[in-house]
Amino acid sequence: MDPKTAQISFDQLISELSTRLINSEPAETYECIEEVIAAIGNYTDTDRCYVFEFDDNIQNMTNTHEWVRDGYQAHITDLQSVALEELPWFFEQIKTHHKCIVDNIDLLPPEATAERAEFEREQIKSVICVGLVANQHLLGFVGCDMVRQERQWTPEEIRRLRLVADMVANTLERQRTYSELIHTQRALEKANRLLQAQVAQDGLTGIANRRAFDERITNEVQRASRHKTPLALLIIDIDQFKPYNDHYGHLQGDQALKSVADVMFEQLQRNTDFIARYGGEEFVAVISATDEEKTKESMNQLLKAVRDLKIEHGASEVAPYLTISIGGYIHKPRATENTEDLIARMISKADSALYRAKSDGRNRGYLDT
């Protein structure tokens with residue numbers, strides 16, 4: 001093939017490969033690079049063609065892609081995480097000149113003893129490597145080996161391999177940018193989830209807060225209306241909590257709030273259960289798909305669980321330990337009703353039941369149906 005025909009043929013090959021890489025999806029990038037080095041290896045009549053990628057500090061290199069002519073040995077598996085100190089002369093050539101061209105390994109300088117040993121191990125007689133540079137950052141290199149015979153690398157062959165290197169470098173940079181974008185998106189999604197969780201979480205007790213309750217009760221009311229299933233709302237108040245705070249101090253008061261919240265949260269563990277801190281010493285619970293008997297059972301479990309904590313309350317007129325009072329209401333969907341009006345009515349009914357529980361001596365629960 002005359003030089004002009006060869007140049008046209010190579011330019012056409014580069015154009016086709018470049019188009020393939022540009023149009024590839026991120027998931028196809030590595031597969032496309034494999035196709036590129038196979039095409040270049042065949043076109044240049046070399047015995048191996050490969051890509052190495054550096055770590056960020058250019059202290060280690062890893063063979064990430066390798067094409068080998070039939071009948072010749074592959075080395076990709078034993079060229080992983082090769083450290084700078086193992087091949088210092090080679091690293092220096094690539095870092096400083098962005099290329100390493102050896103026509104005959106017998107002509108390597110004395111300081112390339114380690115490199116000579118490695119080339120001999122791989123039975124390399126001649127080698128050419130050109131740096132992968134994108135955005136002024138050295139990513140690695142693309143290279144070709146001659147095992148059959150020595151080869152005098154011509155300026156044209158060096159230029160061609162540099163074109164291939166530029167093409168691969170830009171592709172790797174695009175892939176890295178895409179990976180960083182995906183990583184950033186996932187990090188932002190995670191941060192957003194954490195933020196949303198914090199926004200919906202009570203800072204002291206760790207359970208849901210008033211904002212989360214407002215969202216949940218709206219959703220549950222609408223669901224109950226659609227499925228025509230009962231929905232219970234409980235308002236829970238720690239009995240005589242102000243005297244407790246005055247007597248034991250706010251620090252111990254905060255700890256008591258946490259303990260009560262924890263034990264009530266443990267009692268309401270079904271998927272249809274929800275509990276939140278409503279404000280101060282008041283909590284609110286939503287129980288879906290329930291009935292009067294089950295709701296009363298849940299109320300009794302909450303009352304007993306808090307009693308069983310045996311949190312001393314020397315200032316209480318109810319019991320020698322901390323107790324709660326509960327007011328509840330069960331909504332049984334009938335006619336269509338405005339969601340906000342219904343929620344307001346449920347809260348009012350549960351609050352009235354709580355008032356009766358307190359008036360009758362506290363440490364008890366009443367349910368309005």
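Cys-49 has Cys-144 of strand E6 as its bridge partner, in a predicted model where local features need pLDDT of at least 70, side-chain atom pairs count only at pLDDT 80 or more, and totals for chains, interfaces and linings use all residues. Residues are numbered from 1 along each chain as its sequence is written, and side-chain values use heavy atoms, with hydrogens and water left out. Helices (H or I, at least four residues) and strands (E, at least two) are DSSP runs numbered from the N terminus, and two strands pair if DSSP finds at least two bridges between them.

Strand E1 (residues 48-54) and E6 (residues 137-146) are joined by six bridges in the antiparallel sense. They belong to an open, antiparallel sheet of six strands, ordered E3-E2-E1-E6-E5-E4. At the edges sit E3 (82-83) and E4 (99-102), each with a single partner strand, so one side of each has no neighbour in the sheet.

Axes here are lines fitted to C-alpha atoms, for helices over the stretch in contact, and angles run from 0 to 180 degrees between N-to-C directions. Helix H2 (residues 29-44) lies across E1, E2 (60-68) and E6, at about 60 degrees to E2. Helix H3 (residues 88-97) lies across E1, E2, E3, E4, E5 (126-134) and E6, at about 125 degrees to E4. Just after H3 comes His-98, with a positive phi of about 60 degrees.

Over in strand E9 (residues 282-288), seven of the seven residues are buried, so the strand is largely enclosed by the rest of the structure. One side carries Glu-282, Val-284, Val-286 and Ser-288, the other Phe-283, Ala-285 and Ile-287, and both faces are covered. Strand E7 (residues 231-238) runs antiparallel to E9 over seven bridges, with Ile-236 partnered by Phe-283. E8 (residues 273-279) also pairs with E9 in the antiparallel sense, over six bridges, and Ala-276 stands opposite Val-284. Two residues separate E8 and E9 in a hairpin, where Gly-280 in the turn has a positive phi of about 60 degrees.

Elsewhere, the axes of helix H6 (residues 210-227) and helix H10 (residues 339-359) come within 10 Å and cross at roughly 110 degrees. That makes the pair roughly perpendicular (65 to 115 degrees). Among the residues that meet are Phe-213 and Ile-217 in H6, and Leu-342 and Met-346 in H10.

Conventions. Contact = heavy atoms within 4.5 Å. Parallel < 35°, antiparallel > 145°, perpendicular 65-115°, else oblique. Buried < 20%, exposed > 50% of the residue type's maximum accessible area, 1.4 Å probe, protein only.
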